Structure formats: C-alpha cells, structure tokens
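Q: I have a model open on my screen and would like to learn how to read it. Could you walk me through it?

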Amino acid sequence: MFDSELLYRLVPDARDNYKLEANGTCRVTQSAFGDGPTDKKGPRQPSVYRARLCGFEPSAVQRHATEFVVALKAEDVRRISTTLGREVNVVPDTEDHPAHALVVSDPPYMDKDPKFRKLRKQLAKAANSNWVIGPPKHC
Amino acid sequence: MSPLAPTHPNTSRRSEETRTVTRREGPRFIDELDLWDRYINAGHIAGRFSRPLWDVLAKLRDMEGWVDGWNGFAAKAPTQASIEKARAWILQMYSEIANSGERWLDPFVTADVDGEVLFEWRTKTKDLSIYIDENETTYIKDLGPEVGSEMTDGDASTPRARRELWAWFTE
C-alpha cells in the first residue's frame with residue numbers, strides 16, 4: 001500500500017465521537033477510533049477502508065446512513081510509529097470487504113493495553129477532522 | 001455567618017439554583033450538591049464557584065446511564081467505580097487550582113473504551129488527557145498538534161502530579 005493512499009474511517013453518530021471546538025470546527029475524537037474490546041480475542045486493530053478500492057465514494061463503506069466518514073493518509077498512519085516506539089502500518093484485510101484494511105502495530109496492542117490510547121489519539125490527529133461525509137450538523 | 005461560609009457574591013443565587021436542580025434531578029443529585037456545599041463551605045473553593053465545573057459533574061452523572069457500545073463500536077460503559085473516583089479527582093483538582101489562585105479551565109468529559117473516565121484539556125499546541133478507572137489514574141501529555149508528536153504518560157493520582165500537569169498545560 002502506497003504512502004499516498006487515502007483511507008476512510010467510519011465515525012458512528014454516537015456521543016463524543018466528535019466535538020465542536022471553540023474555533024467552530026467539528027473535531028473527530030479518539031473515541032471515534034475506539035474499536036474493541038470485542039468478544040473476538042486478539043490484537044486491537046482499528047478498521048479503515050481504502051478509498052481507491054471504493055471508487056473514492058465514501059458512502060460505499062457506510063453500514064448505516066447515519067454514519068459519518070473521515071479521511072486520512074496511509075503515510076500519516078505510518079508516521080505514528082515515531083512516537084509510539086513500535087511499527088504502525090496499514091494492511092489489507094479483505095475477508096469481509098474488498099476495501100477493508102486494519103491499522104496494525106508490531107508489537108500488537110492486546111486487550112486493555114493503555115498504550116492503545118496513544119495510537120487512537122494519533123489516529124484522531126491524522127484524520128484532522130477531514131470529513132468526507134459530515135461533519136454532523138448537530139456537532 | 002460562619003467564618004468558613006462562601007464569600008462569592010453569587011452565593012445566594014447559587015443556593016436558589018441548587019434548590020431548583022434538586023427538585024428537577026432527584027435524590028442522587030442531592031448528594032453531589034451536598035458534596036459541593038461541603039467544599040464551598042470549607043473554604044476549598046471560596047469565591048470561585050464555577051458553572052463549568054457544575055457541567056462536568058452533570059456529565060459524570062449522565063455517564064452512569066451509558067451502556068456498552070456507547071461510541072457505536074464495542075466500548076465498555078464507564079463503571080460506577082470509575083465515575084465515583086473521577087468525581088473525587090476532578091473536585092480535588094479544582095479545589096487545588098482554585099486555592100492556588102490559577103484560572104480553571106473546563107475539561108472535555110467522556111469515557112474511554114475499557115470503562116474508564118476521560119478528562120481532556122486542549123489548546124492549539126497541547127493536549128492533556130487523564131484516564132481514571134478503579135485501579136489507576138494516569139495521564140497522557142501530547143506535545144504537539146502534528147501526527148507523530150511526542151507523547152508522555154505517567155501517574156496522575158497525587159496532588160503533586162496534578163500540580164505539575166496543570167503547570168505544564170497552562171505554561
């Protein structure tokens with residue numbers, strides 16, 4: 001996957017996944033990258049979708065019409081490695097969706113690893129409120 | 001009047017608000033207001049009553065009703081123990097800041113994915129997050145707005161830690 005590849009991230013219309021800032025922007029928060037914990041054991045790996053394989057149509061990844069979508073670049077995700085002290089990457093995971101990919105790390109973030117918070121905070125910054133569906137009108 | 005009575009000019013107005021909110025919110029909220037009164041009357045927050053902190057406490061109360069999956073994914077609901085510990089922590093932090101004469105800034109209050117309470121203060125260049133659960137109180141300092149900026153973490157449970165974190169955030 002090239003560094004320049006654009007990724008979509010679903011943002012459910014749920015409380016505190018976004019916040020209105022004092023400057024009037026609607027910021028996507030770390031809560032919006034809070035995949036898991038789930039019943040499925042294993043590493044925590046936030047989901048994204050490869051825009052190119054969605055025809056650059058963000059609505060193609062929506063599960064519900066109420067969901068919002070932000071965009072981020074693969075190179076920004078990989079840049080997170082520098083602050084976390086572990087390699088962060090985006091890898092395809094096409095079992096459920098041909099455009100689906102996972103943000104993975106080495107070593108991986110396992111259940112209740114507090115360091116997973118840093119990854120989510122950095123992902124929220126990488127998205128930088130780049131809404132491609134949204135922002136929510138009620139932000 | 002007791003020498004420890006509140007000195008803020010809005011004290012009487014606040015008392016009226018207290019009675020109103022008590023009627024509206026029910027008995028659980030009364031305990032919180034009593035706690036407030038104890039802090040104010042003990043001089044911990046003398047003259048520095050803040051409406052924003054009131055909103056923080058109301059958000060913590062609201063979080064008691066959150067359920068698993070509150071973020072649209074599989075996040076766990078904040079636990080009662082986390083909420084109670086967070087309430088005590090933020091009141092303590094507020095009183096320490098108010099007593100030092102510094103300006104209080106209202107945090108963004110939410111939960112984290114494993115049932116913790118999260119307090120977050122942000123500026124254009126800094127981000128301070130506090131995570132509280134029944135076992136620990138920790139911080140993450142984010143030292144820049146760009147992706148890949150330095151982040152540090154540590155314990156935030158002690159008065160000294162709170163003081164140092166606030167000094168860093170407001171410097």
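A: Here is a walk through the features, one at a time.

A: This is a predicted model, in which local features need pLDDT of at least 70, side-chain atom pairs count only at pLDDT 80 or more, and totals for chains, interfaces and linings use all residues. Residues are numbered from 1 along each chain as its sequence is written, while chains are lettered from A and ligands numbered from 1 in the order in which they are written.

Q: Where do I begin with chain B: how many helices and strands are in its secondary structure?

A: Helices (H or I, at least four residues) and strands (E, at least two) are DSSP runs, numbered from the N terminus. Chain B has five helices and five strands, and along its sequence they follow the pattern α-α-α-α-β-β-β-β-β-α.

Q: How do I read the sheet, and what is the order of its strands in chain B?

A: Start with pairing: two strands pair if DSSP finds at least two bridges between them. In chain B, five strands form an open sheet in the order β1-β2-β3-β4-β5, with antiparallel pairing. Its edge strands, which each pair on one side only, are β1 (108–111) and β5 (151–155) of chain B. For angles, axes are lines fitted to C-alpha atoms, for helices over the stretch in contact, and angles run from 0 to 180 degrees between N-to-C directions. Ignoring direction, neighbouring strands of this sheet are turned by 20° against each other on average.

Q: Over how many bridges do β4 and β5 of chain B pair?

A: Strand β4 of chain B (residues 137–142) pairs with β5(B) over five bridges, in the antiparallel sense. To see one of the partners, look at B:Tyr139, whose bridge partner in β5(B) is B:Gly154.

Q: How is a helix pair described, and at what angle do α4 and α5 of chain B pack?

A: Two packed helices are described by the angle between their axes and the distance between the axes. Here α4 (residues 80–99) and α5 (residues 159–170) of chain B pack at about 60°, with their axes 10 Å apart. On the α4(B) side the contact is made by B:Met93, B:Glu96 and B:Ile97, and on the α5(B) side by B:Pro159, B:Arg162, B:Arg163 and B:Trp166. For residue classes, Ala, Val, Leu, Ile, Met, Phe, Trp, Tyr, Cys and Pro count as nonpolar, Asp, Glu, Lys and Arg as charged, and the others, Gly among them, as polar. By class, this contact has four nonpolar, no polar and three charged residues.

Q: How many residues of chain B are in contact with chain A?

A: There are 22 residues of chain B in contact with 25 residues of chain A. On the chain B side, β4(B) provides the largest share, three residues. The residues on that side divide into eleven nonpolar, six polar and five charged. Helix α3 of chain A (residues 116–127) lies across β3 (127–132), β4 and β5 of chain B, running at about 35° to β4(B).

Q: What is a nonpolar core, and which residues have the most contacts inside the largest one?

A: A nonpolar core is a set of buried Ala, Val, Leu, Ile, Met, Phe, Trp, Tyr and Cys residues joined through C-beta atoms within 7 Å. The largest has 33 residues, and A:Leu7, A:Tyr8, A:Val11, A:Val70 and A:Val77 have the most contacts inside it. With six residues, α3(A) gives the most to this core. A second, separate core of 28 residues includes B:Leu60, B:Trp70, B:Ala98 and B:Val113.

Q: Which residues stand opposite A:Leu7 in β5 and β4 of chain A?

A: A:Leu7 stands opposite A:Leu72 in β5(A) and opposite A:Arg50 in β4(A). Six bridges join β1(A) to β5(A), and two join β1(A) to β4(A); both pairs run antiparallel. Five of the six residues of β1(A) are buried.

How values were computed: Two residues are in contact if their C-beta atoms, placed from the backbone, lie within 7 Å. A residue is buried if 20 or more other C-beta atoms lie within 10 Å of its own, exposed if 12 or fewer, and partly exposed in between; C-beta atoms are placed from the backbone.
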